[in-house]
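Here are a few notes to go with your first look at this model. Have the structure open and follow along point by point.

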Amino acid sequence: MQVSSAADIKADASTWLLYGNPGMRKTTTAKYLEGNTLYIPIDKTEIVLAGTPNIDIVNFDSYDAWNAWNQLMKDLKSADLSKYDTIFFDNVSELTRSMLANLGREGNNNRVPSQGNYQQIDFFIIDSVRFIQTLGKRVVFTAWEMTDAWNLPSGQIVNRAYPDVRIKILNNFMGLCQVVAKSVINEETKNYGFILEPSPYVFAKNQLDQRKACAHEDIFKVGYQPSTNNEETGGNK
């Protein structure tokens, strides 16, 4: 039995899931990471990182996503990752869809994936997350946002937001992350920020510090509190 001290736990080997609608600058957060980042552009939005010196970009074939992801996991296992502090996967929603399209093309149902394909992908992605966490790096996943109508115990119906991850593995995926953050924009200031505190309306969590919200540029500053008294998400001037 291997035993270690909780005092030795470091936030720099944590797992993050950042989600929001397209255009909510999730990819841009890679610019705010300290150290070197290995970036996997599953949804091909790497253009926003142009000119960033500390980010290396992996070529990922989304058209052949099932095989490309399998090969990527093998490469990560054998590669020398010592120069990287963070591995950034952008994004897991597109990964699921591209895998389904890939398996549907290779199947016998007129390019429509089978129910078995959905189960294959669910298990593969969750098992991949577990493997990636053994690499000892900060891990960042992005995802698009989904919404639905939800009945509260009071009978009130609210619109809730959550990461666009297959519902059968959503809790499992979020449970493996220390931070789940929803990207939002302050309509008054037009500043971007993240919600880190869960509510009946928003899926979120933050196990690393006491922040309930933060500006986009501060998302990876664990323990950081702004000097002003304005803690509204995206409300920094």
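Predicted model: local features only at pLDDT ≥ 70, side-chain atom pairs only at ≥ 80, totals over all residues.

1. Helix α1 has 14 residues and runs 20 Å from its first C-alpha to its last, close to the 20 Å expected at 1.5 Å a residue.

2. Now see which way α1 faces. Ala 65, Trp 66, Ala 68, Trp 69, Leu 72, Met 73 and Leu 76 are buried. They sit on the same side of α1, because they cover an arc of only 165° around the axis. Lys 77 and Ser 78, on the other side, are exposed. What do the buried residues of α1 pack against? Their partners are β2 (37-41), β4 (86-90), α2 (92-106) and α3 (115-132).

3. Next, the largest nonpolar core, with 46 residues. Phe 60, Trp 69, Phe 89, Met 99 and Phe 173 touch the most other members. Helix α1 gives the most to this core, at seven residues. There is also a second, separate core of 16 residues, including Leu 18 and Ile 219.

4. On to charges: the model has nine salt bridges. One of them joins Asp 164 and Arg 97 (2.9 Å, N to O). Asp 164 is in the loop between β7 (157-163) and α4 (167-175) and Arg 97 in helix α2, so the pair ties together parts 67 residues apart in sequence. Asp 164 counts as buried at 11% relative accessibility, while Arg 97, at 38%, counts as partly exposed.

5. Have a look at Lys 182 and Glu 145 too, a salt bridge with its closest N and O atoms 2.7 Å apart. This pair links strand β8 to strand β6, 37 residues apart. Both Lys 182 and Glu 145 are buried.

Notes. Residues numbered from 1 in each chain as written. Heavy atoms only, no water. Helix = DSSP H or I, 4+ residues; strand = E, 2+ residues; numbered from the N terminus. Expected span 1.5 Å × (residues − 1). Buried < 20%, exposed > 50% of the residue type's maximum accessible area, 1.4 Å probe, protein only. Arc of directions from axis to C-beta. Contact = heavy atoms within 4.5 Å. Core = buried A, V, L, I, M, F, W, Y, C linked by side-chain atoms within 4.5 Å. Salt bridge = Lys/Arg side-chain N within 4 Å of Asp/Glu carboxyl O.
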